[in-house]
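I opened my notebook for a walk through this structure. Here is what I looked up, entry by entry.

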Amino acid sequence: MSKQKKGEPILSVKGLQKEFGAIIAASDINIDVHEGEVIGIIGANGAGKTTFVNMVTGYLKPTSGEIDFEGKQLVGLPSREVTRAGISRSFQVSQVFITMTVYENLLTALAIAESPGLTMLKPMHRAELEQRCDEILERYQIAAYRDHVARALSQGVRKLLDIAMAVVSKPRILLLDEPTSGVSVEEKFGIMDIVMNALKADNVTVLFVEHDMEIVERYVSRVIAFYQGAIICDEPPKQALVDPKVREFVIGHSVVKGTKKNA
Amino acid sequence: MLNDRTSQALIAIMAFCAIAGAFIPDWIMNQMMFGFSRALAVLGLLVLWRTGLVSFGHALYFGLGAYTVALLDIYLGVSDAFLRLAASVLVSGGIGILLGYILRNYRDIFFAMLSLAFSMVLYGILVKTQALGSTDGFAVSAPSFIGYVPEGKYPLFLLICAVCAVSGLLVQTYLRSTLGKLTTAIRDNEVRVEYLGYSVAQAIHIKYVMSACLAGAAGAFMAMALGQVDPDSMVNWTASGELVFVTVLSGPGSVIAPFFGSLVFELLRTYAFELVPHAWQLIVGGTLMVIILFLPDGVWSLITKFRRPAK
(Lines give C-alpha, C1' and ligand atoms only; values in the text may rest on other atoms or scores of the structure.)
Protein backbone atom coordinates (compact mmCIF):
# COMPACT_ATOMS: atom_id res chain seq x y z
CA MET A 1 0.00 0.00 0.00
CA SER A 2 2.66 2.43 0.94
CA LYS A 3 4.65 1.74 -2.20
CA GLN A 4 5.26 4.83 -4.33
CA LYS A 5 3.75 4.45 -7.80
CA LYS A 6 6.10 4.61 -10.74
CA GLY A 7 5.80 6.68 -13.87
CA GLU A 8 4.45 10.13 -14.72
CA PRO A 9 2.17 11.74 -12.17
CA ILE A 10 -1.34 12.54 -13.44
CA LEU A 11 -1.54 15.64 -11.29
CA SER A 12 1.48 17.74 -10.54
CA VAL A 13 1.27 20.80 -8.31
CA LYS A 14 4.33 23.04 -8.27
CA GLY A 15 5.09 25.97 -6.00
CA LEU A 16 1.44 26.76 -5.33
CA GLN A 17 1.02 29.97 -3.35
CA LYS A 18 -2.08 31.78 -2.14
CA GLU A 19 -2.16 35.04 -0.26
CA PHE A 20 -5.21 36.85 1.08
CA GLY A 21 -3.70 40.24 1.79
CA ALA A 22 -1.11 39.62 4.50
CA ILE A 23 -2.34 36.11 5.25
CA ILE A 24 -0.54 33.29 3.52
CA ALA A 25 -3.11 30.53 3.07
CA ALA A 26 -0.85 28.30 1.02
CA SER A 27 2.89 28.54 0.70
CA ASP A 28 5.04 26.66 -1.79
CA ILE A 29 2.92 23.55 -2.12
CA ASN A 30 4.43 20.78 -4.22
CA ILE A 31 2.55 17.53 -4.74
CA ASP A 32 2.79 14.82 -7.38
CA VAL A 33 -0.24 12.56 -7.57
CA HIS A 34 -0.03 9.19 -9.30
CA GLU A 35 -2.89 7.20 -10.72
CA GLY A 36 -4.73 5.00 -8.24
CA GLU A 37 -3.42 6.72 -5.11
CA VAL A 38 -5.68 7.48 -2.17
CA ILE A 39 -4.29 10.53 -0.43
CA GLY A 40 -5.47 11.84 2.92
CA ILE A 41 -5.01 15.56 3.50
CA ILE A 42 -4.89 16.41 7.18
CA GLY A 43 -4.29 19.52 9.24
CA ALA A 44 -5.86 21.65 11.92
CA ASN A 45 -8.61 24.14 11.06
CA GLY A 46 -7.19 26.92 8.92
CA ALA A 47 -4.12 24.92 7.88
CA GLY A 48 -4.93 25.40 4.20
CA LYS A 49 -6.52 22.07 3.25
CA THR A 50 -9.71 23.43 1.72
CA THR A 51 -7.77 26.31 0.15
CA PHE A 52 -5.71 23.68 -1.63
CA VAL A 53 -8.82 21.83 -2.84
CA ASN A 54 -10.37 25.13 -3.94
CA MET A 55 -7.28 26.06 -5.94
CA VAL A 56 -7.03 22.72 -7.72
CA THR A 57 -10.71 22.81 -8.69
CA GLY A 58 -10.70 26.37 -9.97
CA TYR A 59 -12.75 27.96 -7.20
CA LEU A 60 -9.77 30.06 -6.07
CA LYS A 61 -7.02 31.37 -8.30
CA PRO A 62 -3.56 30.82 -6.79
CA THR A 63 -1.32 33.87 -6.41
CA SER A 64 1.42 31.90 -8.14
CA GLY A 65 2.38 28.35 -9.01
CA GLU A 66 1.36 25.67 -11.48
CA ILE A 67 -1.20 22.89 -11.54
CA ASP A 68 -0.48 20.41 -14.28
CA PHE A 69 -3.11 17.76 -14.99
CA GLU A 70 -2.30 15.24 -17.70
CA GLY A 71 -0.27 17.85 -19.52
CA LYS A 72 -2.96 20.54 -19.17
CA GLN A 73 -2.41 23.70 -17.17
CA LEU A 74 -5.35 24.22 -14.80
CA VAL A 75 -4.46 27.55 -13.21
CA GLY A 76 -6.95 30.20 -14.34
CA LEU A 77 -9.58 27.76 -15.59
CA PRO A 78 -13.08 28.16 -14.13
CA SER A 79 -14.37 25.25 -12.07
CA ARG A 80 -16.67 23.98 -14.82
CA GLU A 81 -13.70 23.49 -17.14
CA VAL A 82 -11.70 21.74 -14.45
CA THR A 83 -14.66 19.37 -14.09
CA ARG A 84 -14.81 18.83 -17.85
CA ALA A 85 -11.04 18.17 -17.84
CA GLY A 86 -11.52 15.30 -15.37
CA ILE A 87 -11.21 16.58 -11.80
CA SER A 88 -14.34 16.57 -9.65
CA ARG A 89 -14.98 17.42 -6.05
CA SER A 90 -17.45 17.02 -3.25
CA PHE A 91 -18.10 19.62 -0.61
CA GLN A 92 -17.72 19.94 3.13
CA VAL A 93 -21.31 21.17 3.21
CA SER A 94 -23.19 19.04 0.68
CA GLN A 95 -24.12 20.98 -2.43
CA VAL A 96 -27.25 19.41 -3.83
CA PHE A 97 -30.40 20.76 -5.47
CA ILE A 98 -32.54 20.95 -2.35
CA THR A 99 -35.99 21.14 -3.93
CA MET A 100 -35.40 18.17 -6.22
CA THR A 101 -35.63 14.48 -5.40
CA VAL A 102 -32.52 12.33 -5.09
CA TYR A 103 -33.26 10.87 -8.48
CA GLU A 104 -33.71 14.26 -10.17
CA ASN A 105 -30.49 15.49 -8.58
CA LEU A 106 -28.55 12.61 -10.02
CA LEU A 107 -30.29 12.75 -13.38
CA THR A 108 -29.47 16.45 -13.71
CA ALA A 109 -25.82 15.78 -12.88
CA LEU A 110 -25.67 12.91 -15.32
CA ALA A 111 -27.42 14.82 -18.10
CA ILE A 112 -24.98 17.73 -17.83
CA ALA A 113 -22.00 15.38 -17.79
CA GLU A 114 -23.30 13.55 -20.86
CA SER A 115 -24.26 16.64 -22.82
CA PRO A 116 -21.52 18.51 -24.57
CA GLY A 117 -22.66 21.39 -26.77
CA LEU A 118 -25.98 21.05 -28.50
CA THR A 119 -26.92 17.72 -26.90
CA MET A 120 -27.94 19.96 -24.00
CA LEU A 121 -31.14 20.39 -26.03
CA LYS A 122 -32.04 16.70 -25.94
CA PRO A 123 -34.81 15.79 -23.48
CA MET A 124 -33.34 15.16 -20.05
CA HIS A 125 -35.52 12.16 -19.31
CA ARG A 126 -34.16 9.65 -21.79
CA ALA A 127 -33.92 5.91 -21.33
CA GLU A 128 -30.16 5.45 -21.31
CA LEU A 129 -29.64 8.17 -18.70
CA GLU A 130 -32.47 6.93 -16.50
CA GLN A 131 -31.02 3.44 -16.49
CA ARG A 132 -27.53 4.60 -15.55
CA CYS A 133 -29.05 6.80 -12.88
CA ASP A 134 -30.67 3.80 -11.23
CA GLU A 135 -27.38 1.89 -11.38
CA ILE A 136 -25.57 4.69 -9.59
CA LEU A 137 -28.31 4.87 -6.95
CA GLU A 138 -27.78 1.16 -6.30
CA ARG A 139 -24.03 1.45 -6.20
CA TYR A 140 -24.13 4.26 -3.65
CA GLN A 141 -26.87 2.47 -1.74
CA ILE A 142 -29.29 5.38 -1.81
CA ALA A 143 -31.91 3.75 -4.04
CA ALA A 144 -34.29 3.60 -1.07
CA TYR A 145 -34.30 7.43 -1.04
CA ARG A 146 -34.86 7.74 -4.79
CA ASP A 147 -38.00 9.86 -4.52
CA HIS A 148 -37.16 11.76 -1.34
CA VAL A 149 -36.68 15.50 -1.68
CA ALA A 150 -33.04 16.37 -0.98
CA ARG A 151 -33.94 18.98 1.61
CA ALA A 152 -35.34 16.26 3.90
CA LEU A 153 -32.39 13.86 3.69
CA SER A 154 -30.16 12.92 6.63
CA GLN A 155 -26.57 14.19 6.54
CA GLY A 156 -25.18 10.79 5.62
CA VAL A 157 -27.46 10.24 2.63
CA ARG A 158 -26.92 13.79 1.48
CA LYS A 159 -23.15 13.24 1.57
CA LEU A 160 -23.50 10.11 -0.52
CA LEU A 161 -25.69 11.95 -3.02
CA ASP A 162 -23.19 14.81 -3.16
CA ILE A 163 -20.35 12.40 -3.91
CA ALA A 164 -22.41 10.38 -6.40
CA MET A 165 -23.18 13.62 -8.27
CA ALA A 166 -19.49 14.47 -8.37
CA VAL A 167 -18.49 11.16 -9.98
CA VAL A 168 -21.11 10.90 -12.74
CA SER A 169 -18.78 12.85 -15.01
CA LYS A 170 -16.30 9.94 -14.68
CA PRO A 171 -13.46 12.01 -13.27
CA ARG A 172 -9.86 10.76 -13.18
CA ILE A 173 -9.35 12.51 -9.85
CA LEU A 174 -11.88 13.18 -7.12
CA LEU A 175 -11.29 15.56 -4.24
CA LEU A 176 -13.48 14.94 -1.24
CA ASP A 177 -13.70 17.74 1.29
CA GLU A 178 -14.41 16.10 4.65
CA PRO A 179 -16.65 13.30 3.40
CA THR A 180 -17.65 12.28 6.94
CA SER A 181 -18.07 15.65 8.63
CA GLY A 182 -21.47 15.96 10.27
CA VAL A 183 -22.06 12.23 9.95
CA SER A 184 -22.64 10.10 13.04
CA VAL A 185 -19.87 7.83 14.35
CA GLU A 186 -21.94 4.75 13.53
CA GLU A 187 -22.46 5.82 9.94
CA LYS A 188 -19.02 7.08 8.98
CA PHE A 189 -17.29 3.79 8.14
CA GLY A 190 -20.36 2.57 6.27
CA ILE A 191 -20.31 5.68 4.10
CA MET A 192 -16.58 5.53 3.51
CA ASP A 193 -16.80 1.84 2.53
CA ILE A 194 -19.51 2.54 -0.02
CA VAL A 195 -17.64 5.49 -1.48
CA MET A 196 -14.17 3.96 -1.56
CA ASN A 197 -15.38 0.71 -3.10
CA ALA A 198 -17.29 2.55 -5.81
CA LEU A 199 -14.29 4.76 -6.57
CA LYS A 200 -11.88 1.85 -6.67
CA ALA A 201 -14.15 0.04 -9.13
CA ASP A 202 -13.99 3.10 -11.41
CA ASN A 203 -10.23 3.49 -10.91
CA VAL A 204 -10.59 7.03 -9.60
CA THR A 205 -7.63 8.64 -7.88
CA VAL A 206 -8.78 10.17 -4.60
CA LEU A 207 -7.59 13.04 -2.45
CA PHE A 208 -9.64 13.64 0.64
CA VAL A 209 -9.53 16.16 3.40
CA GLU A 210 -10.17 14.53 6.75
CA HIS A 211 -10.03 15.33 10.44
CA ASP A 212 -10.69 11.82 11.64
CA MET A 213 -7.42 9.89 12.02
CA GLU A 214 -9.20 6.55 12.17
CA ILE A 215 -10.60 7.15 8.70
CA VAL A 216 -7.21 8.29 7.46
CA GLU A 217 -5.47 5.22 8.87
CA ARG A 218 -7.99 2.88 7.34
CA TYR A 219 -8.36 4.15 3.81
CA VAL A 220 -5.38 6.12 2.54
CA SER A 221 -2.12 5.09 0.96
CA ARG A 222 -0.43 8.41 1.59
CA VAL A 223 -0.86 11.25 4.06
CA ILE A 224 -0.15 14.90 3.40
CA ALA A 225 -0.19 17.08 6.48
CA PHE A 226 -0.70 20.85 6.30
CA TYR A 227 0.32 23.38 8.90
CA GLN A 228 -0.07 27.12 8.42
CA GLY A 229 -0.43 26.79 4.68
CA ALA A 230 2.63 24.59 4.15
CA ILE A 231 3.17 20.86 3.86
CA ILE A 232 4.95 19.50 6.91
CA CYS A 233 4.72 15.82 6.12
CA ASP A 234 4.15 13.64 3.03
CA GLU A 235 4.46 9.98 3.98
CA PRO A 236 2.55 6.70 4.05
CA PRO A 237 0.09 6.67 6.95
CA LYS A 238 2.18 4.42 9.23
CA GLN A 239 5.06 6.86 9.28
CA ALA A 240 2.95 10.03 9.02
CA LEU A 241 0.75 9.35 12.00
CA VAL A 242 3.74 8.88 14.31
CA ASP A 243 5.69 11.80 12.87
CA PRO A 244 6.45 14.17 15.77
CA LYS A 245 5.55 17.25 13.75
CA VAL A 246 2.24 15.75 12.71
CA ARG A 247 1.53 14.71 16.28
CA GLU A 248 2.26 18.18 17.56
CA PHE A 249 0.68 20.39 14.89
CA VAL A 250 -2.11 18.28 13.49
CA ILE A 251 -3.31 15.58 15.81
CA GLY A 252 -2.73 17.67 18.91
CA HIS A 253 -4.84 20.46 17.41
CA SER A 254 -7.46 18.23 15.96
CA VAL A 255 -10.80 17.40 17.46
CA VAL A 256 -10.15 13.66 17.43
CA LYS A 257 -9.19 13.25 21.07
CA GLY A 258 -12.35 11.34 21.87
CA THR A 259 -12.80 9.33 18.69
CA LYS A 260 -10.63 6.35 19.71
CA LYS A 261 -12.73 5.82 22.80
CA ASN A 262 -16.06 6.28 21.03
CA ALA A 263 -15.23 3.77 18.34
CA MET B 1 -41.65 17.13 -29.58
CA LEU B 2 -45.34 16.28 -29.69
CA ASN B 3 -45.28 13.25 -27.45
CA ASP B 4 -46.31 14.96 -24.23
CA ARG B 5 -49.75 16.00 -23.10
CA THR B 6 -48.94 19.66 -22.62
CA SER B 7 -47.82 20.07 -26.23
CA GLN B 8 -50.85 18.22 -27.55
CA ALA B 9 -53.20 20.25 -25.38
CA LEU B 10 -51.56 23.48 -26.50
CA ILE B 11 -51.99 22.63 -30.18
CA ALA B 12 -55.58 21.58 -29.62
CA ILE B 13 -56.39 24.82 -27.77
CA MET B 14 -54.76 27.04 -30.38
CA ALA B 15 -56.42 25.16 -33.25
CA PHE B 16 -59.77 25.50 -31.52
CA CYS B 17 -59.26 29.24 -30.98
CA ALA B 18 -58.17 29.70 -34.58
CA ILE B 19 -61.31 28.05 -35.88
CA ALA B 20 -63.59 29.70 -33.33
CA GLY B 21 -62.14 33.06 -34.39
CA ALA B 22 -64.18 32.86 -37.61
CA PHE B 23 -67.47 32.81 -35.69
CA ILE B 24 -66.99 34.98 -32.62
CA PRO B 25 -67.84 38.70 -32.51
CA ASP B 26 -65.01 41.14 -33.17
CA TRP B 27 -64.75 42.46 -29.65
CA ILE B 28 -64.03 38.98 -28.28
CA MET B 29 -61.48 38.33 -31.01
CA ASN B 30 -59.78 41.61 -30.11
CA GLN B 31 -59.63 40.62 -26.47
CA MET B 32 -58.10 37.30 -27.44
CA MET B 33 -55.53 38.98 -29.70
CA PHE B 34 -54.43 41.31 -26.91
CA GLY B 35 -54.39 38.44 -24.46
CA PHE B 36 -52.41 36.04 -26.64
CA SER B 37 -49.96 38.77 -27.67
CA ARG B 38 -49.20 39.58 -24.07
CA ALA B 39 -49.05 35.85 -23.28
CA LEU B 40 -45.99 35.50 -25.50
CA ALA B 41 -44.07 37.93 -23.31
CA VAL B 42 -45.39 36.18 -20.19
CA LEU B 43 -44.13 32.87 -21.59
CA GLY B 44 -40.63 34.36 -21.61
CA LEU B 45 -41.01 35.64 -18.06
CA LEU B 46 -42.15 32.17 -16.99
CA VAL B 47 -38.83 30.72 -18.17
CA LEU B 48 -36.95 33.35 -16.14
CA TRP B 49 -39.21 32.92 -13.14
CA ARG B 50 -38.55 29.19 -12.97
CA THR B 51 -34.87 30.07 -12.69
CA GLY B 52 -35.67 32.36 -9.77
CA LEU B 53 -35.31 35.56 -11.80
CA VAL B 54 -37.95 38.27 -12.11
CA SER B 55 -37.49 41.02 -14.67
CA PHE B 56 -39.26 44.29 -13.98
CA GLY B 57 -38.13 45.60 -17.34
CA HIS B 58 -39.44 43.38 -20.07
CA ALA B 59 -41.51 46.24 -21.44
CA LEU B 60 -38.13 47.17 -22.95
CA TYR B 61 -38.44 44.27 -25.40
CA PHE B 62 -42.19 44.55 -25.66
CA GLY B 63 -41.69 48.20 -26.62
CA LEU B 64 -38.79 47.46 -28.96
CA GLY B 65 -40.99 44.96 -30.78
CA ALA B 66 -43.93 47.34 -31.00
CA TYR B 67 -41.82 50.33 -32.09
CA THR B 68 -39.96 48.28 -34.69
CA VAL B 69 -43.31 47.60 -36.32
CA ALA B 70 -44.34 51.26 -36.09
CA LEU B 71 -41.06 52.71 -37.37
CA LEU B 72 -40.85 50.24 -40.26
CA ASP B 73 -44.38 51.29 -41.15
CA ILE B 74 -43.85 55.06 -40.84
CA TYR B 75 -40.40 55.39 -42.40
CA LEU B 76 -40.17 52.44 -44.81
CA GLY B 77 -43.80 51.64 -45.47
CA VAL B 78 -43.37 48.00 -44.49
CA SER B 79 -46.80 46.50 -43.91
CA ASP B 80 -46.10 42.76 -44.27
CA ALA B 81 -46.92 41.04 -40.98
CA PHE B 82 -44.23 38.38 -41.37
CA LEU B 83 -41.52 40.96 -42.09
CA ARG B 84 -42.66 43.12 -39.18
CA LEU B 85 -42.63 40.14 -36.84
CA ALA B 86 -39.19 38.93 -37.97
CA ALA B 87 -37.69 42.40 -37.63
CA SER B 88 -39.15 42.86 -34.14
CA VAL B 89 -37.78 39.55 -32.93
CA LEU B 90 -34.37 40.31 -34.43
CA VAL B 91 -34.17 43.76 -32.85
CA SER B 92 -35.27 42.66 -29.39
CA GLY B 93 -33.19 39.48 -29.58
CA GLY B 94 -30.14 41.52 -30.58
CA ILE B 95 -30.55 43.98 -27.72
CA GLY B 96 -31.24 41.01 -25.44
CA ILE B 97 -27.91 39.43 -26.39
CA LEU B 98 -26.05 42.67 -25.62
CA LEU B 99 -27.75 43.47 -22.31
CA GLY B 100 -27.60 39.80 -21.38
CA TYR B 101 -23.83 40.10 -20.99
CA ILE B 102 -24.43 42.56 -18.16
CA LEU B 103 -27.58 41.14 -16.61
CA ARG B 104 -26.37 37.55 -16.39
CA ASN B 105 -24.06 38.60 -13.59
CA TYR B 106 -26.92 39.79 -11.38
CA ARG B 107 -29.59 38.00 -9.37
CA ASP B 108 -32.64 38.76 -7.28
CA ILE B 109 -33.56 42.38 -6.72
CA PHE B 110 -30.47 43.58 -8.61
CA PHE B 111 -31.51 41.69 -11.72
CA ALA B 112 -35.05 43.03 -11.41
CA MET B 113 -34.00 46.64 -10.88
CA LEU B 114 -31.28 46.72 -13.52
CA SER B 115 -33.79 45.38 -16.04
CA LEU B 116 -36.15 48.13 -14.99
CA ALA B 117 -33.42 50.74 -15.42
CA PHE B 118 -32.67 49.62 -18.98
CA SER B 119 -36.35 49.74 -19.91
CA MET B 120 -36.66 53.26 -18.52
CA VAL B 121 -33.76 54.37 -20.71
CA LEU B 122 -35.78 53.36 -23.78
CA TYR B 123 -38.85 55.06 -22.33
CA GLY B 124 -36.85 58.24 -21.79
CA ILE B 125 -35.50 58.21 -25.34
CA LEU B 126 -38.94 57.64 -26.87
CA VAL B 127 -40.67 60.33 -24.84
CA LYS B 128 -38.01 62.96 -25.60
CA THR B 129 -37.62 62.27 -29.32
CA GLN B 130 -40.10 63.81 -31.74
CA ALA B 131 -38.94 61.55 -34.60
CA LEU B 132 -39.86 58.54 -32.49
CA GLY B 133 -43.35 59.80 -31.79
CA SER B 134 -42.70 61.36 -28.40
CA THR B 135 -45.46 60.87 -25.81
CA ASP B 136 -48.16 60.38 -28.46
CA GLY B 137 -46.62 57.46 -30.28
CA PHE B 138 -47.78 56.46 -33.74
CA ALA B 139 -50.74 54.94 -35.48
CA VAL B 140 -49.82 51.66 -37.17
CA SER B 141 -51.37 50.70 -40.49
CA ALA B 142 -53.17 47.40 -40.84
CA PRO B 143 -50.85 44.51 -41.70
CA SER B 144 -50.74 42.79 -45.07
CA PHE B 145 -49.86 39.15 -45.62
CA ILE B 146 -47.42 38.58 -48.52
CA GLY B 147 -49.27 41.08 -50.67
CA TYR B 148 -52.74 40.14 -49.50
CA VAL B 149 -54.54 42.96 -47.71
CA PRO B 150 -57.44 41.51 -45.73
CA GLU B 151 -60.69 43.22 -44.77
CA GLY B 152 -60.95 42.30 -41.11
CA LYS B 153 -58.51 41.21 -38.46
CA TYR B 154 -59.05 37.48 -38.74
CA PRO B 155 -55.82 36.71 -40.66
CA LEU B 156 -53.80 38.51 -37.98
CA PHE B 157 -55.63 36.51 -35.36
CA LEU B 158 -54.72 33.29 -37.19
CA LEU B 159 -51.08 34.31 -37.32
CA ILE B 160 -51.08 35.11 -33.60
CA CYS B 161 -52.59 31.72 -32.79
CA ALA B 162 -50.01 29.97 -34.98
CA VAL B 163 -47.06 31.84 -33.47
CA CYS B 164 -48.39 31.18 -29.96
CA ALA B 165 -48.65 27.47 -30.70
CA VAL B 166 -45.16 27.28 -32.19
CA SER B 167 -43.60 29.39 -29.40
CA GLY B 168 -45.33 27.34 -26.74
CA LEU B 169 -44.07 24.12 -28.32
CA LEU B 170 -40.52 25.42 -28.56
CA VAL B 171 -40.51 26.58 -24.95
CA GLN B 172 -42.00 23.27 -23.83
CA THR B 173 -39.32 21.34 -25.74
CA TYR B 174 -36.69 23.59 -24.22
CA LEU B 175 -38.02 23.12 -20.70
CA ARG B 176 -37.83 19.36 -21.08
CA SER B 177 -34.26 19.44 -22.37
CA THR B 178 -31.22 19.27 -20.11
CA LEU B 179 -30.53 22.96 -20.73
CA GLY B 180 -34.12 23.82 -19.85
CA LYS B 181 -34.06 21.66 -16.74
CA LEU B 182 -31.27 23.89 -15.48
CA THR B 183 -33.97 26.35 -14.41
CA THR B 184 -34.70 24.76 -11.04
CA ALA B 185 -31.13 23.55 -10.67
CA ILE B 186 -29.78 27.11 -10.98
CA ARG B 187 -32.40 28.44 -8.58
CA ASP B 188 -31.41 25.77 -6.04
CA ASN B 189 -27.63 25.77 -6.26
CA GLU B 190 -25.45 27.65 -8.73
CA VAL B 191 -22.19 26.35 -7.29
CA ARG B 192 -23.21 22.79 -7.96
CA VAL B 193 -24.20 23.54 -11.54
CA GLU B 194 -20.77 25.07 -12.18
CA TYR B 195 -19.04 22.07 -10.64
CA LEU B 196 -21.10 19.73 -12.78
CA GLY B 197 -19.52 21.41 -15.76
CA TYR B 198 -21.97 23.98 -17.08
CA SER B 199 -21.76 27.76 -17.06
CA VAL B 200 -24.57 29.31 -15.03
CA ALA B 201 -24.00 32.68 -16.70
CA GLN B 202 -24.41 31.13 -20.14
CA ALA B 203 -27.56 29.25 -19.15
CA ILE B 204 -29.10 32.47 -17.81
CA HIS B 205 -28.01 34.41 -20.87
CA ILE B 206 -29.79 31.94 -23.16
CA LYS B 207 -32.97 32.16 -21.10
CA TYR B 208 -32.77 35.94 -21.12
CA VAL B 209 -32.42 36.17 -24.90
CA MET B 210 -35.30 33.72 -25.33
CA SER B 211 -37.51 35.87 -23.15
CA ALA B 212 -36.41 39.00 -25.04
CA CYS B 213 -37.36 37.47 -28.39
CA LEU B 214 -40.75 36.38 -27.05
CA ALA B 215 -41.45 39.82 -25.60
CA GLY B 216 -40.43 41.37 -28.93
CA ALA B 217 -42.92 39.19 -30.80
CA ALA B 218 -45.54 40.08 -28.20
CA GLY B 219 -44.95 43.79 -28.76
CA ALA B 220 -45.10 43.42 -32.53
CA PHE B 221 -48.46 41.65 -32.36
CA MET B 222 -49.83 44.11 -29.84
CA ALA B 223 -48.90 47.02 -32.12
CA MET B 224 -50.65 45.40 -35.08
CA ALA B 225 -53.68 44.31 -33.07
CA LEU B 226 -54.18 47.73 -31.48
CA GLY B 227 -53.19 49.67 -34.58
CA GLN B 228 -51.03 52.02 -32.54
CA VAL B 229 -48.01 52.29 -30.29
CA ASP B 230 -47.35 54.65 -27.41
CA PRO B 231 -44.67 54.79 -24.74
CA ASP B 232 -46.94 54.93 -21.71
CA SER B 233 -48.86 51.72 -22.25
CA MET B 234 -46.04 49.79 -23.89
CA VAL B 235 -42.63 50.85 -22.57
CA ASN B 236 -43.21 52.53 -19.22
CA TRP B 237 -42.49 50.57 -16.05
CA THR B 238 -46.21 50.04 -15.56
CA ALA B 239 -46.20 47.92 -18.73
CA SER B 240 -43.39 45.81 -17.26
CA GLY B 241 -45.37 45.52 -14.07
CA GLU B 242 -48.39 44.36 -16.03
CA LEU B 243 -46.32 41.55 -17.56
CA VAL B 244 -45.09 40.43 -14.14
CA PHE B 245 -48.67 40.74 -12.88
CA VAL B 246 -49.96 38.39 -15.56
CA THR B 247 -47.05 35.99 -14.91
CA VAL B 248 -48.01 35.71 -11.24
CA LEU B 249 -51.68 35.50 -12.16
CA SER B 250 -50.98 32.68 -14.63
CA GLY B 251 -48.59 30.70 -12.47
CA PRO B 252 -45.40 28.90 -13.49
CA GLY B 253 -46.99 25.44 -13.77
CA SER B 254 -47.28 24.99 -17.53
CA VAL B 255 -46.54 26.68 -20.86
CA ILE B 256 -50.31 26.85 -21.41
CA ALA B 257 -50.78 28.89 -18.23
CA PRO B 258 -49.69 32.25 -19.76
CA PHE B 259 -52.33 32.00 -22.50
CA PHE B 260 -55.02 31.21 -20.01
CA GLY B 261 -53.83 33.81 -17.51
CA SER B 262 -53.57 36.55 -20.13
CA LEU B 263 -57.14 36.00 -21.25
CA VAL B 264 -58.32 36.16 -17.65
CA PHE B 265 -56.38 39.40 -17.26
CA GLU B 266 -57.86 41.02 -20.39
CA LEU B 267 -61.40 40.14 -19.37
CA LEU B 268 -60.79 41.19 -15.79
CA ARG B 269 -59.46 44.55 -16.88
CA THR B 270 -62.23 45.16 -19.39
CA TYR B 271 -65.03 44.39 -16.92
CA ALA B 272 -63.35 46.21 -14.05
CA PHE B 273 -63.09 49.27 -16.29
CA GLU B 274 -66.76 49.10 -17.25
CA LEU B 275 -67.80 48.64 -13.66
CA VAL B 276 -65.72 51.37 -12.04
CA PRO B 277 -64.01 53.46 -14.72
CA HIS B 278 -62.00 55.52 -12.23
CA ALA B 279 -60.89 52.81 -9.84
CA TRP B 280 -60.57 49.71 -11.99
CA GLN B 281 -57.01 49.15 -10.75
CA LEU B 282 -58.53 48.51 -7.34
CA ILE B 283 -60.34 45.45 -8.65
CA VAL B 284 -57.35 44.21 -10.63
CA GLY B 285 -55.02 44.67 -7.66
CA GLY B 286 -57.49 43.05 -5.30
CA THR B 287 -57.69 40.06 -7.62
CA LEU B 288 -53.92 39.64 -7.56
CA MET B 289 -54.00 39.76 -3.77
CA VAL B 290 -56.60 37.01 -3.67
CA ILE B 291 -54.59 34.94 -6.16
CA ILE B 292 -51.37 35.23 -4.15
CA LEU B 293 -53.16 34.37 -0.94
CA PHE B 294 -55.29 31.49 -2.15
CA LEU B 295 -53.77 30.31 -5.44
CA PRO B 296 -50.01 30.83 -5.09
CA ASP B 297 -49.46 28.77 -8.23
CA GLY B 298 -51.72 31.00 -10.27
CA VAL B 299 -55.06 30.46 -12.00
CA TRP B 300 -53.50 27.54 -13.79
CA SER B 301 -53.59 25.53 -10.56
CA LEU B 302 -57.40 25.69 -10.72
CA ILE B 303 -57.29 23.60 -13.87
CA THR B 304 -54.80 21.06 -12.57
CA LYS B 305 -56.83 20.79 -9.39
CA PHE B 306 -59.97 19.78 -11.27
CA ARG B 307 -58.13 17.50 -13.64
CA ARG B 308 -56.48 15.53 -10.87
CA PRO B 309 -58.95 15.21 -7.99
CA ALA B 310 -57.44 15.11 -4.51
CA LYS B 311 -55.53 11.92 -3.76
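In which sense do β1(A) and β2(A) pair, and over how many bridges? I found them antiparallel, over 7 bridges.

Ground rules, before I go on. This is a predicted model, in which local features need pLDDT of at least 70 and side-chain atom pairs count only at pLDDT 80 or more, while totals for chains, interfaces and linings use all residues. Residues are numbered from 1 along each chain as its sequence is written, chains are lettered from A and ligands numbered from 1 in the order in which they are written, and side-chain values use heavy atoms, with hydrogens and water left out.

**Entry: the sheet**

I took strands (E, at least two residues) and helices (H or I, at least four) as DSSP runs, numbered from the N terminus. Two strands count as paired if DSSP finds at least two bridges between them. On that basis chain A has an open sheet of 4 strands in the order β2-β1-β4-β5, with antiparallel pairing. Its edge strands are β2 (23–33) and β5 (72–73) of chain A, each pairing on one side only.

I then followed β1 (residues 11–20) of chain A to its antiparallel partner β4 (residues 64–69) of chain A, and 5 bridges join the two. Lys14(A) has Glu66(A) in β4(A) as its bridge partner. Helix α1 (residues 49–56) of chain A packs on the sheet and touches β1, β2 and β4 of chain A. Contact here means heavy atoms within 4.5 Å.

Back at the hairpin, 2 residues lie between β1(A) and β2(A), and Gly21(A) in the turn has a positive phi of about 60 degrees. Phe20(A) has Ile23(A) in β2(A) as its bridge partner.

**Entry: the cores**

I counted as a nonpolar core any set of buried Ala, Val, Leu, Ile, Met, Phe, Trp, Tyr and Cys residues joined through side-chain atoms within 4.5 Å. Buried means under 20% relative accessible area, exposed over 50%, and partly exposed in between (1.4 Å probe, protein chains only). The largest core has 143 residues, of which Tyr140(A), Leu199(A), Phe208(A) and Leu182(B) touch the most other members. Helix α9 (residues 200–226) of chain B gives the most to this core, with 15 residues. A second, separate core of 27 residues includes Val33(A), Val53(A), Ile67(A) and Leu207(A).

**Entry: where the chains meet**

I found 20 residues of chain B in contact with 29 residues of chain A. About 2300 Å² is buried between these chains, with 62% from carbon and sulfur atoms; buried area is the accessible area (1.4 Å probe) that two parts lose on being put together, summed over both. Arg192(B), Tyr195(B) and Leu196(B) supply 36% of what chain B buries against chain A, more than any other three residues.

Arg192(B) also forms a salt bridge with Asp162(A) (2.4 Å, N to O). The term means a side-chain nitrogen of Lys or Arg within 4 Å of a carboxyl oxygen of Asp or Glu.

**Entry: a salt bridge inside chain B**

Which residue does Glu266(B) meet in a salt bridge? I found Arg38(B), at 2.4 Å, N to O. Glu266(B) lies in helix α12 (residues 257–275) and Arg38(B) in helix α2 (residues 26–50) of chain B, so the pair ties together parts that are 228 residues apart in sequence. Glu266(B) is buried at 3% relative accessibility, and Arg38(B) is buried at 5%. Salt bridges with shared partners join Arg38(B), Glu242(B), Glu266(B) and Arg269(B) into one network.

Key. Axes fitted to C-alpha atoms, helices over the stretch in contact; angles between N-to-C directions.
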